[in-house]
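Please consider the assembly shown below. The paragraphs that follow lead from one of its contacts to its individual chains and residues.

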Amino acid sequence: MSDYIASSPEELQAMLDSLGLKDLDELTDHLTPAVLLQEDGWDLPSGMSEFEALAKIKKMASHNRIYEDLYRGAGAYRHYIPSLVHALAGRSEFLTAYTPYQAEMSQGLLQSIFEYQTMICELTGMDVSNASVYDGATAAAEALLMCRDPKHRRVLVPSSVHPQILQVIRTYGEAYGMEIAVLDCPNGVLEEAVLREALSEDTACLLLQQPNYFGLIEDAQTLFAAAAEKKVKGILHINPIAAALLPSAKEVGAVIAVGEGQPLGMPLNFGGPYLGFMASVSSLMRKLPGRIVGQSTDHQGRRAYVLTLQAREQHIRREKASSSICSNQALCALRAAIYCSAMGTEGIEQVATHCISNAHYLAEQLCQKTALKLKYTGEFFHEFVTVSDVPSRVLLKHLEDHDILGGLPLNDHEILWCATEVNNKENMDHLVELIGEVAA
Amino acid sequence: MSQLIFERGGQGHRGVALPQLQVPAYTLNTPLRTEKPQLPSVSELEVVRHYTECSLRVKGVDHLFYPLGSCTMKYNPKVNEEAANLEGFTAIHPLAPQEDVQGCLEVMETLEHYLNQITGMDAFCFQPAAGAHGEFSGLMTIRNYLKRHHEDQRTVVFVPDSAHGTNPASAVMAGFTVKQIPSNAQGNVDVEALRAMADETTAALMLTNPNTLGLFEKDILEITQIIHDAGGLVYYDGANLNAIMGIARPGDMGFDVVHLNLHKTFSTPHGGGGPGSGPIGVKKHLIDYLPAPRIENGQIHENCPESLGRMKMFYGNFGVMVRALTYVMILGKEGLRKTSQVAVLNARYLEHELSRRYDMAVDQPCMHEFVMTLKRQHQQLGINAMDISKGMIDRGIHPPTMYFPLIVEEALMVEPTETEPKAVLDEAVRVLNELLDLASQDPQALHACPQMTPIGRIDEVQAARHPILRWQKENG
Amino acid sequence: MSVVKEGLLYSKSHEWVETLPDGTARIGISDYAQDSLGDIVFVDMHPAGEEVEAEGALADVESVKAVSEIYSPVAGTIKEINEELIDAPEKLNEDCYGNWICVLENVAGLEDLLSPEAYSEYLTTLE
């Protein structure tokens with residue numbers, strides 16, 4: 001058994017002696033006796049060695065199934081993660097540091113967050129970025145709050161947004177006293193006419209996801225322009241890989257860009273830790289929640305970095321703060337920054353191009369060689385929805401039997417597929433062949 | 001001056017290459033970006049040098065003593081990292097079929113069982129990504145419970161004046177009104193004031209125990225009774241759980257909802273500010289009102305009609321849960337109790353040694369942390385808590401939490417944790433006494449600290465008045 | 001020792017009022033206020049057009065580690081805000097009597113304010 005206690009029993013005793021105490025139990029003798037936990041009051045196994053614990057954990061991990069090939073996205077994407085991402089972000093200096101309150105001994109961390117903020121600004125086209133929030137869905141929820149004022153409490157969201165994002169913003173919206181109005185998307189994307197119909201005097205903002213849950217590309221520019229006519233703010237939830245190719249959030253007229261940063265160097269990890277990124281135009285800078293790093297100088301005029309605009313935050317504003325966020329996803333933000341550096345603009349563009357090309361190849365092959373059809377006609381990025389008469393579970397089961405995790409079943413006959421740069425032609429051809437066996 | 005990654009490399013420098021595309025390249029039929037994002041243009045070695053160099057200008061628990069009060073900066077065992085990075089976890093898609101993710105659910109349910117035992121609660125939800133997110137989720141659970149019991153008039157949440165700022169901020173986020181509870185002269189909740197304030201509008205009381213002064217609320221049973229009698233619920237902020245594992249349980253003290261910080265008490269690394277994990281635990285009567293989905297018996301139950309809804313995508317910061325589980329398994333029952341006992345011993349010893357020359361905020365036996373006040377030195381010598389902190393940096397110790405709790409002037413909040421050996425504590429005493437000597441002999445020298453760091457004290461006023469929040473060629 | 005400027009009226013919450021010939025009033029903060037606020041890094045002013053009551057909030061003033069509200073010493077309607085402060089909040093520290101925060105119209109409640117002498121007297125009770 002390890003207990004990570006560094007003092008020897010003799011040293012512990014010496015400390016107890018200097019306090020005039022006999023043993024460790026005496027330390028808590030002053031506690032209300034009625035609350036003291038009895039030996040048999042709780043049930044927990046005895047400790048074990050590191051070796052034994054790791055064996056047990058490995059056993060648990062072995063109860064999960066690792067697929068040879070994978071075509072499922074829907075908010076969690078498998079991309080290639082260069083080896084250096086883990087090697088650098090895993091350095092114990094980064095790993096075991098706290099939030100950089102003491103700037104002089106955290107310059108490397110503060111600088112890397114400042115660089116991350118710059119990269120997020122570049123990807124989104126926005127002016128300012130925070131140091132990260134919990135995930136893409138909570139980023140969207142925090143963005144709604146930035147748009148709220150007493151006269152504007154209605155939020156428009158198309159049904160083409162990820163259902164889990166919708167669920168999260170409903171929860172947050174309910175707390176904030178904001179009404180979430182969900183707009184129908186029969187064609188998989190939000191139509192301008194539907195939006196115009198829904199815009200009202202009390203609408204605060206319109207949230208779009210780009211590409212949306214079905215993989216389709218929304219006409220964000222037109223939609224945000226229609227919203228802006230009614231002074232409704234635009235929030236764009238973007239996939240950071242797609243952001244390398246698609247018009248930036250700023251270009252399409254959004255005032256806040258948020259998104260899930262997981263594709264930038266984070267493994268699937270059963271859904272977390274991931275990374276919420278958040279950026280805005282400069283006029284909303286002081287409404288951004290969470291940590292923000294700024295550049296300044298030290299007393300000798302040397303360039304230096306420090307947590308700034310802190311008067312927005314809960315530790316100063318307390319009940320008047322607009323968000324309670326304190327810890328964020330710093331290490332994930334670091335991973336994203338390392339990933340972006342390793343890939344560069346060209347590299348991420350290439351990842352995006354590979355994703356689109358593979359996804360379109362797969363869609364085309366499935367439509368040509370099997371009974372599957374595309375549900376929507378709109379342009380898509382790296383995900384698409386198929387329909388078929390053969391039940392989804394039959395198609396997917398056949399793939400699973402061949403060690404392939406297929407797309408996400410949306411219902412009995414629709415499947416949401418995803419291809420990224422890590423899927424290759426040979427494997428995709430194999431998948432198409434297998435689907436053809438059950439849905440010719 | 002340290003270069004930014006944008007100032008390294010140059011045109012044409014490329015990092016990692018992708019394989020050749022094997023299918024026809026597809027060009028989108030929708031508009032594309034007109035302006036390319038300007039990401040760094042660096043080769044692989046340049047990336048490695050850059051971030052290695054950055055890491056050398058960050059100090060973590062692996063370097064030095066980090067007695068940051070309320071943050072529980074204990075040693076982060078390396079085995080936790082190995083466990084969390086097993087491919088059997090990292091390669092698992094969150095929306096894979098349930099039968100394929102049984103190992104992940106086993107991790108969560110085993111950890112839930114252990115946390116129930118440690119806290120005396122009946123169920124945990126792991127969605128919250130950090131402590132403040134746990135508070136928000138916990139209060140939303142309370143709000144949901146009250147609403148479904150037609151108790152909408154209960155809108156007031158009590159928060160002690162010594163509480164962490166996230167408490168009142170989370171309560172307001174969840175739609176409540178905050179009322180502050182005063183502390184008495186001993187630093188505990190003023191029970192009579194609380195009794196006078198509790199009524200039919202009371203939704204909840206948020207409390208951390210031991211409190212932020214490091215004191216165990218001796219009247220805790222009476223406090224929770226007052227709130228329950230008034231019809232409210234009691235919320236436990238688990239920031240200070242490291243003091244009481246195996247000694248006392250929030251569940252037995254009358255708390256209805258708790259949040260824990262796996263990144264504090266359960267040894268998962270802080271990562272420079274996250275990711276953390278802030279699971280919330282509840283008593284039986286609140287289980288149905290927790291965030292959805294609920295994970296039970298190897299199944300993910302999406303359909304939870306009484307649930308408040310979803311707080312986060314998927315199931316929470318899973319990787320952090322694996323680390324915490326590994327830690328609890330290794331320590332076991334005896335190890336966890338000893339952990340808290342030694343956390344208290346280390347704090348009590350350090351407080352005892354320091355109290356020879358430093359003033360303590362209260363004259364009570366501390367639990368796992370204590371608060372010093374530099375008020376006297378500030379008046380007599382013109383040096384403050386910040387000066388002492390910066391002097392500690394030069395002497396190889398991370399400063400304590402400064403200027404918190406707000407009810408103590410010139411506060412330094414010290415939490416040594418159980419993993420530090422006696423010699424480190426003795427050295428800290430030597431350093432802190434030396435700094436007081438310096439303060440009286442040469443206060444200017446103390447004001448000039450830190451000197452040993454890559455940069456000195458930073459102009460924070462300038463940073464906030466004219467914010468520069470991103471790199472641009474012209475401001476480099 | 002804080003400077004109290006002649007020719008202005010003051011409130012106990014440390015704002016000054018300058019009545020203008022057209023019946024409007026300029027509002028600012030006193031030297032005592034700027035000194036206790038420390039280095040001001042941002043001023044968040046309520047917008048023109050908003051009606052305020054006496055002791056109602058006019059602006060949030062941020063320093064690096066604190067936020068404080070500036071209260072209106074009189075009732076009125078905000079006619080104009082001093083937009084220079086948005087980019088240069090330090091002006092409130094440098095010259096608190098030369099830089100106003102806003103101009104109010106439809107002013108009421110001037111009779112409750114303190115003369116410079118009375119305000120100086122009040123300040124001595126705080127020290």
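In this predicted model, chain C meets chain A through a contact in which six residues of chain C touch five residues of chain A. The side of chain C that touches chain A consists of four nonpolar and two charged residues, with no polar ones. As for confidence, chain C has an average pLDDT of 93, and 99% of its residues score at least 70. The model itself has an ipTM of 0.97 and a pTM of 0.96.

One residue of chain C that takes part in contacts with chain A is Lys65(C), which touches Gln310(A) and Ile316(A), leaving aside residues up to four places away in sequence. An unreviewed UniProt entry annotates Lys65(C) as "modified residue: N6-lipoyllysine". Lys65(C) lies in the loop that connects β6 (57-62) with β7 (67-71) of chain C. Is this residue buried, exposed or partly exposed? Lys65(C) has 16 other C-beta atoms within 10 Å and is therefore partly exposed, since a buried residue needs 20 or more and an exposed one has 12 or fewer.

An unreviewed UniProt entry also lists residues 24-105 of chain C as "domain: Lipoyl-binding". The C-alpha atoms at the ends of this span are 5 Å apart, and the span is 18% helix and 40% strand.

Attention now turns to chain A. Chain A contains 13 helices and 15 strands, and its C-alpha atoms fill a box of roughly 80 × 55 × 50 Å along the principal axes. Of the 440 residues in chain A, 62% are buried. Among the contacts in chain A with a separation of 6 or more, 74% join residues 24 or more positions apart.

Within α2(A), the buried residues are Ala53(A), Ile57(A), Met60(A) and Ala61(A). These residues lie on the same side of α2(A) because they cover an arc of only 100° around the axis. An α-helix has 3.6 residues a turn, so residues three or four places apart point the same way. The other side of α2(A) carries the exposed residues Phe51(A), Ala55(A) and Lys59(A). What do the buried residues of α2(A) pack against? Their partners belong to chain B: α2 (78-84), α3 (87-90), α4 (102-119) and α10 (318-354).

A last stop is Pro443(B), which belongs to helix α14 (residues 443-447) of chain B. Pro443(B) counts as partly exposed because it has 15 C-beta neighbours inside 10 Å. Leaving aside residues up to four places away in sequence, Pro443(B) touches Leu381(B), Gly382(B) and Ile383(B). Thr326(B), by contrast, is 117 residues from Pro443(B) along the chain, and the C-alpha atoms of the two are separated by 47 Å.

Terms used: Residues numbered from 1 in each chain as written. Chains lettered and ligands numbered in written order. Predicted model: local features only at pLDDT ≥ 70, side-chain atom pairs only at ≥ 80, totals over all residues. Contact = placed C-beta atoms within 7 Å. Nonpolar A, V, L, I, M, F, W, Y, C, P; charged D, E, K, R; others polar. pLDDT = per-residue confidence, 0-100. Helix = DSSP H or I, 4+ residues; strand = E, 2+ residues; numbered from the N terminus. Arc of directions from axis to C-beta. UniProt positions renumbered as here; feature names shortened; annotations may be inferred.
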